Amino acid sequence: MPQKKISRNPITRNTKKKGVKKGVVTKSVTKHGTSKKTSDASANEDTLLLQSLRGMRDILPEDQPYWERVRRVLTHASQEYGFQRIDTPLVEYANLFTRLIGTETDIVEKEMYTFVTRGGDKVALRPEFTAGIARAYIQHGMGILPKPVKLFSVGPVYRYDRPQEGRFREFWQGNFELYGESDPILDAQTIQLAYRVIQQLGLKNIEFQVNSIGVPESRREYEKALVRYLEAQKSKLCQNCRERLTTNPMRILDCKEDKCIQLTAQVPQSIDYLDQESRDHFKRLLEYLDELELPYTINTRLVRGLDYYTKTVFEIWSSDKDGKKYSLGGGGRYDRLIQTMGGEATPAIGFGLGLDRIILEMKRIQVKPYQEPRARVFLAQLGDMAKKKSLKLFSELERNSLLVAESFGRGSLRSQMRVANRMGAEVTIIIGQKEALDDTAIVKDMVSGTQETVTHERLTDAIKKILKTNQELKIKEVNIIRPAEELEKGE
Ligand code: HAM
């Protein structure tokens, strides 16, 4: 989430000012929440750095409507597809991730936040969800539940990545996992779900890439072919990929260095080395996707950066106007993982969406964020007794499903009415000394200007009646205006 350098939000403005005045904030913060200094050197223990860690940032109130829209779409889609929510700890034993994600992967080699607790346990902040949820699946004996078991999670994950646009060290994922089914129709349905979320978020020009990387046995043949092909040109690969040639050759296809991309343009293709079962599985997946009319491209270089995948892998890509591409999400099948961990053999598939990147994309293409329902009623009070009564009345009205605004801190009626006008209140309830004494309230229709005094028992009905009339008037207005506009347009 890009942060403005000078925020109009008074909370951040004050904080920054204080830091600057005291000379406490020594580094300026860029819009990606990264410090301009490239090192992560922290201040000595006495210095209070009033800034979040590099690659981590606050999600401020002004950005929350975007997050709210994303959370709502995710929750809705997860319910539609029969997923149940699961929350797992942010911290797990480090070897859960090193074993499952793979020791030769970037995440484990370079990006994990690992530390030893006071009790001597080697732990890590989760860099993704899949491993922790698989651990929970086995630990809680979910294998006995009717299949498929579908679990959904959302929350922050941590990777010590190099911060830049769309790349953070603390970022959020929406994560879906499905256990117990190996039929490719589930792969298609999983991709359909990812597609549905992307669509409901209003994102356009999104590319779905799919591939099959087969099973470890067939992959070995492919890796041999890959090494044979690349060995002769080894010197042209980047230093990392030269090492990968012996440790994890398929990861070379994932390298972002130009020279490696060029060198691997003509490499043998993984689908040519698939075992028969994986080949059939992939073929049927593509048939299902065609049947669903989901647009996709086959990317035979797609290998994913985690070791647990078998057969289907997929990624969701956006591209901005400069042609810069971002992976908004990715996933795949991992049929061997649960068994590798000591559980019963359980096929599984899932995907994770990068919510920070999705929100950047929503902003870039100007998707509307979620709009909080607006209070249409304002409660004004005058005098001590009225003030006391109005606090109780406020909660009674809320209980009757009326969203009410107020300005209890203000004493003068005039300034309260100014607030009511500014927020466009359709009804203002006024309680003065007299009304407080005889348990009544003045109900003022702000549209027509009329007002009446009603008892507390009649108050909710009186307010709702005015709101309903206004609503009907608005609908009529829209209907009157529309034909006139259409006539003008010659429709
Ligand atoms: P992943 O591809 O490593 O997959 O991450 C999923 C998404 O997280 C990426 O597509 C991207 O949008 C986002 N992401 C990754 N790194 C960063 C970053 N540094 N800053 C911002 N966003 C980032 C997984 O994590 C798998 N566990 C997905 C999965 C679930 N596979 C099966 N089930």
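Arginine 364 is partly exposed, with a relative accessible area of 38%, where buried means under 20%, exposed over 50% and partly exposed in between, computed with a 1.4 Å probe and protein chains only. Its side chain meets that of glutamate 361 in a salt bridge with an N to O distance of 3.0 Å, a salt bridge being a side-chain nitrogen of Lys or Arg within 4 Å of a carboxyl oxygen of Asp or Glu. The model is predicted, so that local features need pLDDT of at least 70 and side-chain atom pairs count only at pLDDT 80 or more, while totals for chains, interfaces and linings use all residues. Residues are numbered from 1 along each chain as its sequence is written, and side-chain values use heavy atoms, with hydrogens and water left out.

**Salt bridges**

- Glutamate 361 and arginine 364 both lie in helix α12 (residues 355-364), 3 residues apart, which is about one turn of the helix; helices (H or I, at least four residues) and strands (E, at least two) are DSSP runs, numbered from the N terminus.
- Aspartate 87 and arginine 85 are joined through their side chains by a salt bridge at 2.8 Å, N to O; aspartate 87 is exposed at 53%, while arginine 85 is partly exposed at 47%.
- Glu68, Arg71 and Arg72 are linked in a network of salt bridges, and the count by this rule comes to 28 salt bridges.

**Surface patches**

- Arg410, Arg414, Arg418 and Arg422 form a positive surface patch; patches are made of residues with over 30% relative accessible area and no salt bridge, like charges being joined within 9 Å and nonpolar side chains (Val, Leu, Ile, Met, Phe, Trp, Tyr) within 5 Å.
- Arginine 410 is placed in the loop between β13 (404-406) and α14 (413-422), and at 35% relative accessibility arginine 410 counts as partly exposed.
- A nonpolar patch on the surface is formed by Leu90, Val91 and Phe115, which together have about 220 Å² of accessible area, a quantity that comes from the Shrake-Rupley method with a 1.4 Å probe, and for residues only the protein chains shown count as cover.
- Leucine 90 is found in the loop between β1 (84-85) and β2, and leucine 90 counts as partly exposed at 33% relative accessibility.

**Strand pairing around β4**

- Strand β2 (residues 91-93) pairs with strand β4 (residues 122-125) in the antiparallel sense over 3 bridges, where two strands pair if DSSP finds at least two bridges between them.
- Within this pairing, tyrosine 93 has valine 123 in β4 as its bridge partner.
- Strand β3 (residues 114-116) is joined to β4 by 3 bridges, again antiparallel, and threonine 114 has alanine 124 in β4 as its bridge partner.
- The hairpin of β3 and β4 has 5 residues between the strands, and glycine 120 takes a positive phi near 95° there.

**Strand pairing around β10**

- β10 is mostly covered, 8 of its 9 residues being buried.
- Strand β9 (residues 312-319) and β10 pair in the antiparallel sense over 7 bridges, with lysine 325 in β10 as the bridge partner of serine 319.
- These two strands form a hairpin with 5 residues between them, in whose turn glycine 323 has a positive phi of about 80°.
- β10 is also joined by 5 bridges to strand β11 (residues 348-354), in an antiparallel arrangement, and glycine 330 has glycine 352 in β11 as its bridge partner.

- Valine 73 lies in helix α2 (residues 64-80) and is buried, with a relative accessible area of 10%.
- The C-alpha atoms of valine 73 and valine 197 are separated by 6.5 Å, although the two residues are 124 residues apart along the chain.

Key. Lys and Arg count as positive and Asp and Glu as negative; His and the chain ends are not counted. The place of a charge is taken as NZ of Lys, CZ of Arg, CG of Asp or CD of Glu.
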